[in-house]
Structures are given as C-alpha cells and as structure tokens.
Amino acid sequence: MMRSETETQQPEITSDEKTFALISHLAPLATGVVAVGHIILPLLILLLKGKESKFVEDHARESLNFQITITIYWIVTILLMFVLVGFLLAINLVIMQIVFMIKAMLKAGNGEQYRYPLCIRFVK
C-alpha cells in the first residue's frame, strides 16, 4: 500500500523551533552566570517549549542529558586530578565537550536531530 505524499512528509520545523533547540545546546555558557545554568537552561526549555514542539523537546532533552553526563565526568576528572591523571582527562573532556556541542548546534540550526555520543540518557 502506497502512502500519500502528505503522510510521509515531516512537519516543517520553524525558525523559532530551531532557535530554541540551538539555545538548549548553548547552555554551558550560562554557567558563568548561574552555577548550574548548564543544567537549568535546557530543563527550562524542555518544560516551557517542549510541549509545543517535538523537535525542541528532543534537542532540549538531549542537551540536558549531555550536561548532566558532563557534570558527572567533571566530578570524576577533578577527583582524579589528585593523582595527576585528571589533568590529562580534563584537556580531553574540554575538547570533547566543545566538539560535541558545536556538532549539536549545527544540527539544530539545520533542523536535524542529534544524539550526543558517550551520553547517559537520564531523562527519557
């Protein structure tokens, strides 16, 4: 059975949806203002805009999960700094965090989905 063209088309993602999805991945920049801003901002976007758009909900949830995971990675890295191994891990963690966030922002800006690698999915 063939599907009609309207059944197989994905809904158009608006500019506002792309913007909110992009903002959810920019969350670590808020950490300079609020100590846990990197977690609060995607959570707020998820709660306030996630009900309006599945696209925004998916990106905010993915960003939230990544920020929680990164926080755990940083706690472990800081603890490992006492045995000097953490300093090497910190460099890699910063690079990983920046690269993954840039990829996520580019995907959000293009209206595509993105899944962070090495991310624990706490929020389903």
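Tutor: A residue is termed buried under 20% relative accessible area, exposed over 50%, and partly exposed in between, with a 1.4 Å probe and protein chains only. This is a predicted model, in which local features need pLDDT of at least 70 and side-chain atom pairs count only at pLDDT 80 or more. Residues are numbered from 1 along each chain, and side-chain values use heavy atoms.

Student: Which residues of H3 are called buried?

Tutor: Gly37, His38, Pro42, Ile45 and Leu46 are buried in H3, so each of them has under 20% relative accessible area. Their cover includes helix H2 (15–25) and H4.

Student: What makes a set of residues a nonpolar core?

Tutor: Its members are buried Ala, Val, Leu, Ile, Met, Phe, Trp, Tyr or Cys residues joined through side-chain atoms within 4.5 Å. The largest has 11 residues, including Phe66, Ile70, Leu93 and Tyr114. H4 (54–80) and H5 (85–109) each supply at least two residues of this core, and the largest share, six residues, comes from H5. A second, separate core of five residues includes Ile45, Leu46, Val56 and Leu64.

Student: What does Leu93 touch?

Tutor: Leaving aside residues up to four places away in sequence, Leu93 touches Ile70, Tyr73, Trp74 and Thr77; contact means heavy atoms within 4.5 Å.

Key:
Helices (H or I, at least four residues) and strands (E, at least two) are DSSP runs, numbered from the N terminus.
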